[in-house]
Amino acid sequence: MPLSSRLLRPFAEWIIARRVWVLLAVVGVTVFLLTRIGSLQLDTNPDSWAPQKHPYVETTRLLKEVFGGTNVVLIGITPRQGDIYQPAVLAKIKRIQERIEQIPHAVRHNVLSLAAHKVKHIKGGADGMEVRPMLDPVPQSPAEIERLRAAVASMPIYVNALVSPDGRSAAIIADFKQDETIPNFVAMLESMRKVVEEERDGSVDIRYGGTPVIGEAADLQFMKMPIFFGSALLVIMLIQLWSFRSLQGMVLPMVTGILSVIWGLGSMAVLGVHMDPLNTTTPILVLAVAAGHAIQILKRYYEEYGRLLSIGMTPAQANRAAVVESMVRVGPVMITAGLIAAITLFSLAGTGIPMVQHFGVFAGCGVLATLVLELTVIPALRSMLRPPKARETANERKAGLVDRLLVRIADNLVGGRAPRLVAGGLVALAIVGAGTVFLRVDNNFRLYHKPDSVLRVDDRILNATFGGTNTIQFLVQAPARDSLKDPKVLQGISDLQAFLDRQPNVGKTQSIADLIKRMNQAMHGDDPAYYAIPESRELIAQYLFLYSLSGDPQDFDSLVDNDYRRAVVWTFFKDDSTTYADTVAKKAQAVAAKSFPPGVTVSMGGTLPDAVALNEVIVGDKFRNMAQMALVVFVLGAIAFGSLAGGLFVVTPLVAVALANFGVMGWLGTPLDISAMISAALAIGIGADYEIYLLYRFREELARTGDVLAATRDSLLTSGKAVLFVAISIIGGYSVLQFSDFAFFNQISNMVMATMAVSAFFALFFLRALMMIFKPAFIFGRNPQAFFRPAAPATPGANE
Amino acid sequence: MSRALVRAALVTAALLTTPVAGGADPSAQEIMERNFLASKIRSLRVDTTMSLVTARKETRERRTIVLVKLQPNGVDSKLLVRFHAPADIKGTAFLQIEHIDGEDDQWVYLPALKRSRRLVANNKKDSFVGSDFSYGDISLPKVDHYRHKLLRSEIVDQADCFVVESVPATDEVRTNSGYSRKVSWIRKDTFIEAKVEYYDLAARLLKVQQTADHQPVQSNPARWFPRYREMANHQTGHRTLIRVNAIESGVSAPDDQFTTRSLERE
């Protein structure tokens, strides 16, 4: 008997002897953790998605520090009749502007509309320029309205940004800081929506766009997760009922599953870590993993119970002895599989993305919780429950369609069809895997919503009306104070803007250079020929001084810093595709390298570049992380089986699952995004488990019977059947996500279902076939041929 | 500063405080009239450093020489501000001729353009040369533009002060000033404001002005000038500090110093 089993027997007996205390302790811990779950908050702060050391993310951080937030919302106001140049419409804009400015977490100087105090009309006159707020007071008479129309037309920086070129729509661009205590977009935009919605009436259409609005819509979906979790639970329970044909069989694995989820979530709350989008599906993952282990032990319990009854024990004796036996037999396998999964999940803590780190740690904690619970509360509980009735045991052991199928497979595997199965599997994998050629990486969060959703309809209209709902900020940094008053630097900014303006899907750019050019024009009697950067640095400084005589000190805060060392070029995109944004950004870098004098650097940041950074990490780091995780699984598997081949067997399903998953995504045209992380983690969490359980059971049965066919049949009919039920349970559980109208969840569901199907196929058939072909020594010893004798007749269910 | 001037200033201060010491507080209107007059100095030349400080504590400094002359009506002043630093605006100058009953005249000289330009009249609520002070904060409005109410007495920076609340008397004043209310702490000894709180049109605290280091600069009537003045915008976190490096009163300030021709003399 291995050491682990020798230790487990006294431990199992100890647990059963003190079952009441064990239960009380577990209930106590669970109640405590349950009370903490209420304080869990949804955190969709983009910072937790973004790889913190990526240059784009560092620029975003700097932009936030110097210029305020980067959560830009575009609110479009379109009168149902006429254009925006009506006193009532303008008054609405002014009221919205003033009330958004009063929202505590609004970045006041980045709240811009015609009514913003800093949005000024720079007007040329005989004596130079006159600077006046655009909408102070709101014009009333037709003559005043016409003056405003002309004023807006004379300020190119605002056309297509604050007013549509046709004058039919006006925008309020508002920037918000992420509230660290309630870091989600729903909370961020709640006050803004309240203010704006009060202005909605029959006279205007109001639309919202921008990354925070997309984030808000996603958050609302993530908040529906408990409904899906509940539904998944129900589906999994029904499948358990079908599998065990007993109430206890349905309930016990769910007890482990639910308690593991409570422990995992409670630990998150205790540690003060927020719930994030990636972790919203973790409870289902933990539930599935926990159910997987619980089913393996429970199946073994029924086996042992039946066996012990048959040797003359009373039901009560057999019940307690079966609890100990199942724990002694399956416990070491579960601990091995659970530890491999937990360690591998914990290894995700080494990634650069906080959200993935949290996911790894908490999924790992969930798996550990499962091990603890399965080794404590379940044996304690099982020993307190009445022994299964004869009918339940018979039901559980009754050979059904699945058993007949598994026996047939076993016969085929041993009967020389293994090479054909391996070849077929390889061909299928090659065909599916070929799809990886078409795999593309893109995190386009907008596309997770249906095309006719309010979000996407509004987004389409706003993008057609204004410069764009997505922003990239190019940060221009010069070496010395006041360098940005240098005409060469300003010309560089202007050239960069000209390049960006020519790109498809770039609707608008804004910078301090636009205002300097406008000042120059105003100082030359509004002659369009002077809409250019002046040649002298002193002149630029003195224009700015002249502006300051009637402007406010913060007028340029969203465009240039106090020292005139850093400036921002705001670029509005009509598309939030990270691939496209990255292409434009890379070209822009090349233009910037030629346009600016030495010492001036240009970097980019904002929510879109953060998503680009995330993509790079997904592509680069993800594959590296997966290789690293596969290596961890291989090493641990090799240690567990004392054989390199054993490691290979355990790691093979992971590689196959990854290949199949990415292949399917490539064929379906689904972009590789952050949701792919979940399938990878699941493949590790469960895929390896299947193989470990089957290998151990096969080895055990081979040692017991000395017969390959019997061992193959028995292992498939016991552990294999459990694997099949676990896979079906998880597929069933995740299938409820198909009912979500949020594609993010549909994608996760697709991938998880595919992962489970492929993992189960590999563990039950492909790897068994490989085992028959290669006859590895860690299973068959040094003389494998000794085991391959002609098959003895056997019937399903006769494995005891 | 001559001893005689200091003595005269102190005597005047004593005279001014007499009614207060006697127990009968002047009315709020009277306090604000004295405050208004306390800023009227016959002539003054002040070398200042103006620091513009952002919420992130980044600072930009401007060095100026300010020449002020009170006009014969005893209410309006002429003001010439010449910038000496930073280098890129050196020589830039700003001239303002106040008209208590009408729009002020303003000119600016930009050396890069080599000629002075008249500025279209600014609103009183506009920023004064890009600082947190508005034109209305610098040249105090007529006292009867506001309705005043004496709230209490309070010590600020060890000086006993009247606390006076001022509310615009008309909607026009309210709109033009951009303030719904001001609360001033007026020193009982000099009638100079030690502190002023400004509330925006939504009645939120917008700015707080504080003065310190009051220096007597004129006798008969006695006048003081704060060597330190700070305006903090509580909504943006931006602050403007004006520190006096040197001050000279009773300077010769002929009227031709306050002309556009003089403005253009760098």
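Visitor: What makes the largest nonpolar core, with its 302 residues, a core?

Guide: The largest nonpolar core counts 302 residues, and L114(A), A174(A), F474(A), V633(A) and V723(A) have the most contacts inside it. A nonpolar core is a set of buried Ala, Val, Leu, Ile, Met, Phe, Trp, Tyr and Cys residues joined through C-beta atoms within 7 Å. Buried means that 20 or more other C-beta atoms lie within 10 Å of the residue's own; 12 or fewer make it exposed, anything in between partly exposed, with C-beta atoms placed from the backbone. This is a predicted model, in which local features need pLDDT of at least 70, side-chain atom pairs count only at pLDDT 80 or more, and totals for chains, interfaces and linings use all residues. Residues are numbered from 1 along each chain as its sequence is written, while chains are lettered from A and ligands numbered from 1 in the order in which they are written.

Visitor: Which helix gives the most to this core?

Guide: Helix 25 (residues 743-774) of chain A does, with 21 residues. Helices (H or I, at least four residues) and strands (E, at least two) are DSSP runs, numbered from the N terminus.

Visitor: Which residues is V723(A) in contact with, leaving aside its neighbours within four places in sequence?

Guide: V723(A) has Y690(A), Y693(A), L694(A), A760(A), A763(A) and L764(A) as contacts on that basis. Two residues are in contact if their C-beta atoms, placed from the backbone, lie within 7 Å. Another core, of five residues, lies apart from the largest one; M50(B), L52(B), V53(B) and L241(B) are among its members.

Visitor: What makes strand 4 and strand 5 of chain A edge strands?

Guide: Each pairs on one side only: strand 4 (170-176) and strand 5 (204-209) of chain A. Their sheet is open, has three strands in the order 4-1-5, and its pairing is antiparallel. Two strands pair if DSSP finds at least two bridges between them. Strand 1 (residues 71-79) and strand 5 of chain A have six bridges, in the antiparallel sense. I75(A) stands opposite Y208(A) in strand 5 of chain A.

Visitor: Which strands of chain A does helix 4 touch when it packs on this sheet?

Guide: Helix 4 (residues 87-101) touches strand 1, strand 4 and strand 5 of chain A, and its direction makes about 0° with that of strand 4. Axes are lines fitted to C-alpha atoms, for helices over the stretch in contact, and angles run from 0 to 180 degrees between N-to-C directions. Helix 7 (residues 211-222) of chain A lies across strand 1, strand 4 and strand 5, running at about 95° to strand 1.

Visitor: How do you know that strand 7 and strand 8 of chain B pair?

Guide: Strand 7 (residues 146-156) and strand 8 (residues 159-168) of chain B share ten bridges, in the antiparallel sense. In strand 8 of chain B, E165(B) is the bridge partner of K149(B). Their hairpin has two residues between the strands, and D157(B) takes a positive phi near 50° there. Strand 8 also pairs with strand 9 (residues 181-187) of chain B, antiparallel over six bridges. F162(B) stands opposite I186(B) in strand 9.

Visitor: How does the radius of gyration of chain B stand against that of a compact globule?

Guide: A compact globule of 266 residues would have a radius of gyration near 18 Å, and chain B has 18 Å, so the two agree. The radius is taken over C-alpha atoms, and the globule rule is 2.2 Å times the number of residues to the power 0.38. The C-alpha trace of chain B spans about 60 × 50 × 35 Å along its principal axes. Of the 266 residues of chain B, 37% count as buried.
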